[in-house]
Amino acid sequence: MRKVISDLLNKHPRIHVIATARNGEDALTKRKLNSPDVITLDVEMPIMDGLETLKILMKENPIPVVMVSSTTKEGARNTLFAMEFGAIDFVAKPSGAISLDIEKIEQQIIDKVIQAAKAKLVRSEHEATYVVQSKKDNRIKKVRAKKIVAIGTSTGGPRALKDVIPKIPSSIKAPILIVQHMPPGFTLSLAERLNSLSEVIVKEANHGEVLQNGTAYIAPGGYHLSVQQKGNAFLANVDKQEPRRGHRPSVDILFESIATLKDVESIAVIMTGMGADGTEGLIKLKESGSCYAIAESEESCVVFGMPKAALRTKLVDEMVHIQQISERIMNHF
């Protein structure tokens, strides 16, 4: 695996592999000797595993790390812990621990290593709230208007969601729908992890289920999540339509579906992530006249791509630090 990954990275003109390590102890030694910009790290290693190595790396002298992860249940759970410990992102091995066919995801690894070199490592927990522009309150005034929270995120998202979802009380009078860019096999572990930390129920969305207040629904990896209206009820729609802008699940598709609902007051939240997913959907939501938009501030984003693209539309109502997003959601509702 070390040989195969090194070869595919070295083929790219912007990347030079300066060392490989047999295990975590070896990695810590070689990191000090070679001063790399990025480390790729497997969880499954002898002597010192990837999680223990990551903890030490982040404690001693933080460095961008991209995890190379197995899609087994244990591998997915460990990947989520790695995101919490400070890893920037991960790639899923295509065929188990020894994936000699890893060239199938060659472009993913290259893109994520390059992005990791530019990503932010440290978050301050004491940043101000920024009001992007002053607007009149355009929320639906009907007392019976139902409420929905929709959150979109990508790179850095698992850690960001951990800063938001556990702070939302179970009494919230709205369902929460979440699109986190992740491959199949990882979103269930993300849901289970967040559920163990939160007052609200957190689960993977099932096709056709009725959306309940006080519950957060995560789009399953590899599937789009949207909302359909049936009478007074809202149903989760989970499908495998074509990816949008290379993403499935897609934030745009979730937001656009909410824009079609009647008598709904929505909050759209766009958090850390590469690219511009969510921007087209945000425009549709704003055209519906019942959406309040929040973007995560650059100060707390691992990657400021998605919030920055949303801000360019001039339709974002507030840009706030990750630590304040749950408070702003609750205050607005």
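Colleague: How many aromatic pairs does a search of the whole structure find?
Modeller: This is a predicted model, in which local features need pLDDT of at least 70, side-chain atom pairs count only at pLDDT 80 or more, and totals for chains, interfaces and linings use all residues. Residues are numbered from 1 along each chain as its sequence is written, and side-chain values use heavy atoms, with hydrogens and water left out. Rings of Phe, Tyr and Trp (its six-membered ring) pair if their centres lie within 6.5 Å; planes under 30 degrees apart count as stacked, over 60 as edge-to-face and the rest as tilted. The number of aromatic pairs found in the whole structure is two.

Colleague: What is the angle between the planes of Phe81 and Phe85?
Modeller: Phe81 and Phe85 form an aromatic pair, 6.3 Å centre to centre. The pair is stacked, and the angle between its planes is 15°.

Colleague: Which helix holds both Phe81 and Phe85?
Modeller: Helices (H or I, at least four residues) and strands (E, at least two) are DSSP runs, numbered from the N terminus. Phe81 and Phe85 are four residues apart, about one turn of the helix. Both lie in the run of residues 73–85, helix H4.

Colleague: Is Phe85 buried, partly exposed or exposed?
Modeller: Buried means under 20% relative accessible area, exposed over 50%, and partly exposed in between (1.4 Å probe, protein chains only). Phe81 has 25% relative accessibility and counts as partly exposed. Phe85 is at 29%, so this residue also counts as partly exposed.

Colleague: How far apart are the ring centres of Phe90 and Phe186?
Modeller: The planes of Phe90 and Phe186 stand at 45°, so the pair is tilted. The ring centres are apart by 4.6 Å.

Colleague: How many residues apart in sequence are the parts that Phe90 and Phe186 tie together?
Modeller: Phe90 lies in strand E3 (residues 89–92). Phe186 lies in the loop between strand E6 (176–180) and helix H7 (187–197), so the separation in sequence of the parts tied together is 96 residues.

Colleague: What is the relative accessibility of Phe186?
Modeller: Phe90 is buried, with a relative accessible area of 4%. Phe186 also counts as buried, at a relative accessibility of 0%.

Colleague: Which residue lies over the face of Phe90?
Modeller: A charge sits over a ring if NZ of Lys or CZ of Arg is within 6 Å of the ring centre and within 35 degrees of the ring normal. Over the face of Phe90, at 5.6 Å from the ring centre, lies Lys112.

Colleague: How many salt bridges does a search of the whole structure find?
Modeller: A salt bridge is a side-chain nitrogen of Lys or Arg within 4 Å of a carboxyl oxygen of Asp or Glu. The number found in the whole structure is 15.

Colleague: Which helix holds Glu106, the salt-bridge partner of Lys11?
Modeller: In the salt bridge of Lys11 and Glu106, the closest N and O atoms are 3.4 Å apart. Lys11 lies in the loop between helix H1 (2–10) and helix H2 (24–34), so the pair ties together parts that are 95 residues apart in sequence. Glu106 belongs to residues 106–118, helix H5.

Colleague: Is Glu209 buried or exposed?
Modeller: Lys203 and Glu209 meet through their side chains in a salt bridge of 2.8 Å, N to O. Lys203 is partly exposed at 23%. Glu209 has a relative accessible area of 18%, so this residue is buried.
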